[in-house]
Amino acid sequence: MYYVTLVLSAESLSVHQYTCLESMCTVVLLLFLSASSLTHSPLSPVGKLVIADTKWPLLLRTKHILIGNKGELHIGSPDCPYKGNLTISLFGRLDDSDEEHSYFGRKYIGVGTGGTLEIHGQNKLSWTFLNKTLNPGQSNQNNYLYQRSWGNRSVKDTNDFVSFCVSLLISLCSNRFDTYRSKNESRRLAKYVDGVEAGLILAMVVNDEGSNNLEDSAKKSISRLGSHHISSLGFRYALQYCFEMKHVSLWQLVMETVFFYFLYKNKGKINASISIDVLSNSSILELSDHPAGWGSGDRVVVASTDYSMHQAEEFTLLPCPTCKSNEVKVKGKAKFVHVGEEVDGVDMRAEVGLLSRNILLRGEMEPGCYGNEACKFFSFDTFGGHLKRGFRAVHISGVELQHMGQQTMGHYPVHFHMNGDVDEKGGYDPPTSVSDLSIHHSFSRCVTIHSSNGLLVKDVVGYDTLGHCFFTEDGPEERNTFDHCLGLMVRAGTLLPSDRDSKMCRDITDGAYPGYVANPRQDCSATSTFWIANPNNNLINCAAAGSEETGFWFIFHHVPTGPSEGLYSPGHTEHTPMGQFTNNRAHSNYRAGMILDNGVKTTQANDRDKRPFLSLVGARYGPHQDADPFKPRVPALIHHFVAYKNQDHGAWLRGGDVWLDDCQFADNGIGLTLASGGTFPDDDGSHQQVKNSLFVGESENHGMLLPDNNVWGPGGSDPIGRTLPHGIDFPIRGMQIYDGPINVQNCTFRKYTAMDGRHTSAFGFRLNNSWQSCPNNNVTDITFDHITSRVFFGEPGPWFNKMQMDGDKTTIFHDIDGSVSEYPGAFLVKEDNWLLRHPDCIDVPDWKAAICSGHYAQIYVQTRNPANLNMLIVRDEYPDRPLALEGALGKRKHYQQFQPVITLAKGYTIHWDQAAPAEVTIWLINFNRNDWINVGLCYPQGTTFTIISDIHNRLTKQTRKTGVFMRTTQRDKINHSHLARGYYYWEEDTGLLFLKVKAHNDREQFSFCSVKGCERVKITAVIPKGSLPSNCLAQAYPRHAELPVVDVPMPRKMPNLVSSYTEVSNQPLFSSGIDTVLACSYPCLHLCHGLQTIPEKVYSVVGWIILLKEAFAISEYTCQEEMYVVCVPPTLTFR
C-alpha cells in the first residue's frame, strides 16, 4: 500500500512517502489536523491543496477538513473535470472525546469565511426518464427468432440439414448442409461445428432425409456438443432434432431454452421456427436521453410510478456493447411496474437518477445507532459527514455524497449558511453553484440554503434522505434556482416539527409547553422533497418523485427567526411574488404533490400557545408588487405542473391570485383544490384559476397488487383491479371546489367513473366543510371524456359523514356556458338548499344537485355574547325549508360567524337555539351596488336596539361609521332607507326585528367587499335576562310567508346536435341529450339569423364535426335541395 500523509497548517505543507506494497494499489491520503491548527485556519494564509488526476484510485480519510481564510481546496475545474476516482471519507462518532469545532462540529468539510472550495468531477447525465415501461421480472432484452421454410418435397430443397447460430453479440448466421446428396457436405458440417466459437448458440433443424450421407465424423462432432439424438438419426426423421449449446463464456449468461417446431402447410411446404429466449439476471432500461458518462458499475435508481414511494428500485449498470445509444443494461429484474410512457395524456414516465460519481464524499458509519435521541426512531447510525460553507468561492459539480448529514441541527450534506447574495449581486463571478450531484442515503436533508440568495442548484439527485430534501430554511432565501433537480424517497426526520412523522411529533417534546400533547397532523407531518420558505425562488424542470408527505411545499415565515432575525419585515414572505415555477412534476407522495399553504410558529411556546417553536400554523399568501399589499397584485403562475399517483392531493393551493395553466392531474385522491383565505379571501379581490389543463380520474396505469397492499380494488372505466389512493369507497374527485372565488376554464376531465359504494366525480366539494362557498365560483368550456358522474354534491355516508357542516349545505358554482349542466348561465346548488332554489329549478338526483338560475350573494352573520349558539335562516318563500347552521369557527371562539349563500331581493328571517346574541354584525359579501335583502331577526320581547352601518377596510383594519338606523312604526318604511339613515321595524308580537340591508358602493369583479371596504350593519341589543331561546318560526309564518317567484328565468337547455341522416327527411334535425356535437352527413349547411336569411355560406361538412360552444336557440326550416337550413344567433361560433 502506498501512503501519503499530508500535514496542512498555516505554516507548512509536507508530504511523506512510504513504500508501495502492491503493483496495483489504492493511494490513501491520511489528513491530520491538530486542534491548534484548526483554531488558526490550517489552509490560511498560504494553504492551498490541489489534488491532481491520477490513474490510481485515491482515498482521503480524515475526521474533518477545514478551509480557512484564503485557504483553497481544488479537485478538478469546470474546464478540466477530475477524471480519476477519488474518495474523501469522513470518520468519527457523535460521542468522540476530542473537542469539536464551535461552528462546524464534527465530521465535516468546512469552508470558512474567505475560503475557496472547487470540486469538479466528470460530466455525466444526472437523471432522465424511462422511455419504455419496465414490468416486474421483465428484462426488456431482445429475444431471438429465426424462421425458415422449404419448398415441395420433390425438388432439391428437400432433405436438407440446416443449422444457424445466434451470437450473444446479436449477430445471426445461417448455413445449409445437404447431407442427403453428398458426403462432402457431411465433412463440411463436421468442420463447421468444430469451428463454432465459445459463446455462441448452435441450433440445428433437420428435414426428414438428412441422414442419408451423414458420416460418423459429423455425428461425433455434434455429439461432443452434448446431443443425445444425432447418433440415431434415421431415414425421414422429419421431426427428429438435435439442440446443442456451447458453454457461454463471453458474457457469463445462461440461455433459457432453444426450441423449435415444424408446421406442414399446403402443398407440402415446411416451416421451421426457432426462438431463443434470454434468461438472465439483467434488464435493459430504455431511456429518453443518451446516458452520457454512465458506465459499468454505476448505480442508478428508478422511481416509483405508483402511490408508494417505496417502489423505487436501485440497479447496478452492466456492460452492454449491443445497447442502443439510449439504453443501459442493469443487473437484476424489476420488482415493480415502472411506467415509461404517457398514459391517458399524462406523462407518467419514471425518473431514472444516477447515484454514482467518480468523486465520492462519504461518511463512515457505525453498524448501528448509538447514544442519542435519534435511536428512539432509527436502528442505524445517523451521524454522517457534512459540508458547510461561509466562503469566498464555492463551486461543486460531478460529486457523489453518501451517508452525509446528521440528525443534529445545522449539519447537512450541502449547507449554505448565512452567505447573503452569492450571485452577481453579491460580487460573485462566476455565481456560486452546485450541480451534477448525487446525494443519497443521507441522514439529514440534501441541499440546505439558509439566508443565502442567488444560488444555482442544478442537476442534483437527492435519494433516500431523512427530513426535507431541498430545504430553504428561514424565509430570507430569495432568487435561488432549483433547475432539473430530482428528489425521491424522502422520509421523516427528527430535527424540526415539520420534518417529523406522527410518532416523532408525539414523542419529541423539546420546545413544547410542559404538558402539551401534540396533534401530529396539525403541528408536524410535513416532510417534503422541496421545502420553500420564500416564494421568490425558481423551480424549473424539477421532480418530486416520492415523499412521506409532500412533493413541493411553499411555507411562510411571518418573521425570520434565529440568525436570520430582522432580515425582513413581518409578513413580507406572505406578499412576495412567486419566482418561476415551470415544468415540474410530483408523484408517489402520500399527502400531496404540491401544497401552497401554512406557516411556521415563530414564537416560543407559552401558556397561551403551547405548541413547539416552528410547528405548523396558518398563513395566507397574497402576492403583490414589491411584497407591498397596497400595490398591484402579481399572480403566482404555475405552468405545466404534472401531478399523479399522490394519495391525497395532486395539489392544494391556498391564497390570492394563484393561477395554473397547462397542468396535468391523474390518479390522485383529489386532483386539485384551490382554497382562499378562509371566511374571506385574505387578499380581497384576488382569485384563483386553472385553465387549459387535464384531469384524469383513474388512468390505465393500474399499478400492481402486492402482498402488503391493502388499497386494491376495482376501478376505472374498465372496472378491474387497481391500486387506489385511499379506501375502496373513497370519493375520487378531479376538481374539488372549496370556498373561492375560483375559475376553471378550458379543462378536460377524463375517466371519472362512479361505482356502487364509491362516488367518483369530475367536480366535487371539500368534505366536512365548515367554511363558506362563493357564488362567484365559475366554470366554462369544460370537456368530459369517459365520465359517468360530472358532479357530486355529497350524501351522508362514509367519508361524507352526516353532511351537517355549514359548508356542506351551501355549496354552489356558476356554469357560465352550460358545459357542465347543459344550461348556459345556470348555477349548480345543493338539492336541499331552499335559500337558493325556485320552482323552475331542475333536480339532478345522481348529482345530489339542482340546476337553478338567480342572482346570488352571501351574508356573514357575526355574533357575540353568546358565540356558541346555532342559527336558523328561513327564506320567506319557503318557510317550511329552514337552513340550520352551526357556524364556521367552532364553539370555543369569542365570536361566531355564519356564512349562508342567499338569493338577492328576497326576504329572510333568522332564529337562534339560545337567547339572541347581544351583538350581531351582518357583512354584505359579493353584493354589487344596490343589491339588497330584507332580514327579520328574532329577539325576546322587551329587547332594545342600537343599529348602525359602517365600512370596514380589512387592509388598514380601520372601520368608518356611515349611518344609523332609526326605528319606524311602519314596516314598509324600511324600504326607504338610504346610506346615512336607515330604518328598522320592531314587530314585538312576533319577536322579529326587520331591516333592509343594501350595498351602496361598487364592487370589483372578484372582491367580496366594495371598493371602499366591507359594508356592514351592526346591531347591539339589550336583552332581558333569563330570556328563552329566540326562535320565532311559529309566530313568523305563515304571517310573513310569500309565494315563490322566479326572478331570473331558467336558461334553455343546450340541444344535442346530432344528425345522421343520409337523405332529405322531415324528421327533426336536433334531439335533446348530453352532448353538444353536430356530425353533418350533408354536403352543405345554410345559416341564417332569426327569420332574416343572410347570404348563403356553404361549408364542406362531410365527416366534419362542429362543436357548438355558445348558447343559442335552433329552429328547423324546410329542407330544399339536400340542404338543411339551421337558424342560429350571431354569437354562434364554430371550432
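Select helix H2, residues 183-194, in this predicted model. Buried here (under 20% relative accessible area with a 1.4 Å probe, protein chains only; exposed is over 50%, partly exposed in between) are Glu185, Ser186, Leu189, Ala190 and Val193. Looking down the axis, these buried residues fall within an arc of 145° (taken from the directions from the helix axis to the C-beta atoms), so they line one face of H2. Turn to the face away from the buried side to find the exposed residues Asn184 and Lys191.

Helices are DSSP runs of H or I with at least four residues, strands runs of E with at least two, both numbered from the N terminus. Next show Ser182, which caps the N-terminal end of H2, a side-chain oxygen lying 3.0 Å from the backbone nitrogen of Asn184.

Now select Phe641 and Phe763, which have the most contacts inside the largest nonpolar core, a set of 100 residues (buried Ala, Val, Leu, Ile, Met, Phe, Trp, Tyr and Cys joined through side-chain atoms within 4.5 Å). Strand E26, residues 386-402, gives this core its largest share, six residues. A second, separate core has 45 residues, including Tyr908 and Phe945.

Residues are numbered from 1 along each chain as its sequence is written, and side-chain values use heavy atoms, without hydrogens and water.

Terms used:
Predicted model: local features only at pLDDT ≥ 70, side-chain atom pairs only at ≥ 80, totals over all residues. Expected span 1.5 Å × (residues − 1). Polar contact = N/O pair within 3.5 Å; in protein donor to acceptor, adjacent residues only side chain to side chain.
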